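Please look through the model below before reading on. The numbered points that follow take up helix packing, aromatic pairs, nonpolar cores and one annotation.

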Amino acid sequence: MQFTGPPISLNPALGGNGLSAVFTALAYDSLIHLSGDGKLVPDLATSWNYVGQDNKVFEMTLRQGVKFSDGSPLTADAVVASMNYFRKAGGGLVGDAGPVDSISAVGPDKVRVTYKSPNPDAAMTMTQYHGIGTIIGPKGLANPQSLLTASDGTGQYVYNGKTSVTNSRYTYDKNPGYFNPSAQMFGGVTIRVIGDAQAVLSAAQTGQVQFAGGAASTAEAAKQAKLNVLSAPFFNWTLILADSAGKTSKPLGDARVRQAIAYALDRKGLANALGGQYAAPSTQVLLPGTDGYLPQAGYDYDLAKAKSLMAEAGYANGFSMTVLTESLLDRNTTYSQAIVHALGDIGIKATLHVESTGIGQFSGDALSKKYPAIIFPSAGTDMFQAHNQISNGLFNPFGNKDRQLESTLAKAFASDGADRTRLYQQASQRYHDLAWYVPVFSTQNLLYVGPKLTNVKTSVLNPNPMPVAPTADLAWKSK
């Protein structure tokens with residue numbers, strides 16, 4: 001396999017999501033598994049349900065006979081300890097867990113999660129992409145530093161720190177104690193770190209890797225090389241106007257300035273130039289086809305209106321600001337340069353500060369509150385997921401809050417069906433009015449699959465499939 005950079009951390013409580021989840025998903029089972037076709041299936045938890053009304057109490061029944069790689073048994077107490085460690089460890093995914101109030105064992109094989117406020121997506125948060133449901137064994141919890149060189153999970157594979165090379169190659173050996181051997185399709189798995197798009201294509205073409213993350217610039221060449229090219233909507237590239245109170249950049253404290261920025265972006269032109277058929281204009285925090293998307297919402301490209309709003313706010317001649325970005329996901333900062341260049345049309349002199357050492361350092365820079373604006377993509381299949389992401393961490397380093405938005409979402413999270421969708425749409429409109437987040441374009445997640453690999457599936461609900469699954473029918477297979 002290939003991944004574009006080193007893991008944020010091999011400690012699941014500190015790791016990443018998306019395709020980077022592979023570094024932990026190989027060695028650590030999650031309570032619930034999200035398959036490539038977007039289905040929630042049993043993993044360490046065999047069943048789950050809400051208790052009572054309002055989506056505030058969630059219970060899971062654990063699988064019997066499962067052991068961690070060190071031989072200790074999976075118990076409700078062990079699961080609770082792992083989940084509580086995640087909450088306190090300070091990782092970047094803590095916001096994904098939702099408003100957790102308490103986690104307790106209510107039986108030897110039953111775990112209860114109680115939320116401070118409704119969480120309609122509790123099951124989704126327990127999958128391999130969100131951290132809290134990825135379970136670490138007692139030995140690893142006793143010495144978290146050891147998780148950087150040796151894994152302690154119940155997964156199909158065990159991380160081998162001795163044969164791995166930091167920043168280059170990460171190897172995983174088959175776990176002889178895995179609870180369902182029939183689902184283990186490989187004798188071992190190696191993840192190679194390759195960042196350059198052409199180098200990724202070459203590695204896939206020559207069979208050095210059987211699975212790789214692709215790029216729009218090489219997709220046609222990959223098809224010509226007879227690679228199976230899979231795609232699904234994923235990233236929503238956003239200009240985050242984080243300092244909406246104007247603490248470090250006074251102009252951003254004016255909603256008219258933020259709205260002017262939103263009107264100044266030619267999304268259609270940018271999407272076509274930067275991603276071609278694998279990109280599309282984006283006008284709101286949700287993508288089309290997700291629960292809460294509001295077709296009529298969003299900012300059109302209107303340069304005259306943008307200039308008028310700037311003048312009305314007292315910034316007819318523009319202003320200067322520094323925008324934080326990174327070069328791991330935005331390779332060569334191609335997207336970021338195009339976005340800040342467009343701001344020049346309304347007089348904003350934006351200078352990019354590029355973090356190139358990794359997403360971990362980038363996140364730290366964002367949280368430092370030194371940068372009033374940030375360019376980074378969000379992802380989410382409904383408003384609950386999107387809001388959890390963009391209301392925390394690097395998306396909201398200044399702690400922005402809006403009473404109207406929070407009130408609408410509180411009602412939505414306690415609702416179901418059409419009522420929830422209607423309230424999600426109201427929240428989409430409120431995000432639009434606030435202009436804290438200025439979506440620009442969405443990109444397809446491109447995956448290259450070699451001829452020796454089968455059963456790799458992707459979908460809008462899971463554009464980042466994992467090679468492992470708790471059952472053989474869902475796992476990747478080698479011809």
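1. Within what distance do the axes of α12 and helix α14 come, and at roughly what angle do they cross? The axes of α12 and helix α14 (residues 417-434) come within 10 Å of one another and cross at roughly 35°, where axes are lines fitted to C-alpha atoms, for helices over the stretch in contact, and angles run from 0 to 180 degrees between N-to-C directions. Helices here are DSSP runs of H or I with at least four residues, strands are runs of E with at least two, and both are numbered from the N terminus.

2. This is a predicted model, in which local features need pLDDT of at least 70 and side-chain atom pairs count only at pLDDT 80 or more, while totals for chains, interfaces and linings use all residues. Residues are numbered from 1 along each chain as its sequence is written, and side-chain values use heavy atoms, with hydrogens and water left out.

3. On the α12 side, Met383, Phe384, His387 and Ile390 meet Tyr424, Ala427, Ser428 and Tyr431 of α14, contact meaning heavy atoms within 4.5 Å. The residues of this contact divide into 6 nonpolar, 2 polar and no charged; Ala, Val, Leu, Ile, Met, Phe, Trp, Tyr, Cys and Pro count as nonpolar, Asp, Glu, Lys and Arg as charged, and the others, Gly among them, as polar.

4. Rings of Phe, Tyr and Trp (its six-membered ring) pair if their centres lie within 6.5 Å, with planes under 30 degrees apart counted as stacked, over 60 as edge-to-face and the rest as tilted. By this rule there are 18 aromatic pairs. The ring centres of Phe384 and Phe413 are 4.7 Å apart with planes at 85°, so this pair is edge-to-face. Because Phe384 lies in helix α12 (residues 383-390) and Phe413 in helix α13 (residues 403-413), the pair ties together parts 29 residues apart in sequence.

5. Phe384 is buried at 1% relative accessibility, and Phe413 is buried at 9%, buried meaning under 20% relative accessible area, exposed over 50% and partly exposed in between (1.4 Å probe, protein chains only).

6. The largest nonpolar core has 63 residues, of which Leu31, Met83, Met126 and Tyr172 touch the most other members; such a core is a set of buried Ala, Val, Leu, Ile, Met, Phe, Trp, Tyr and Cys residues joined through side-chain atoms within 4.5 Å. Helix α2 (residues 76-89) gives the most to this core, with 6 residues.
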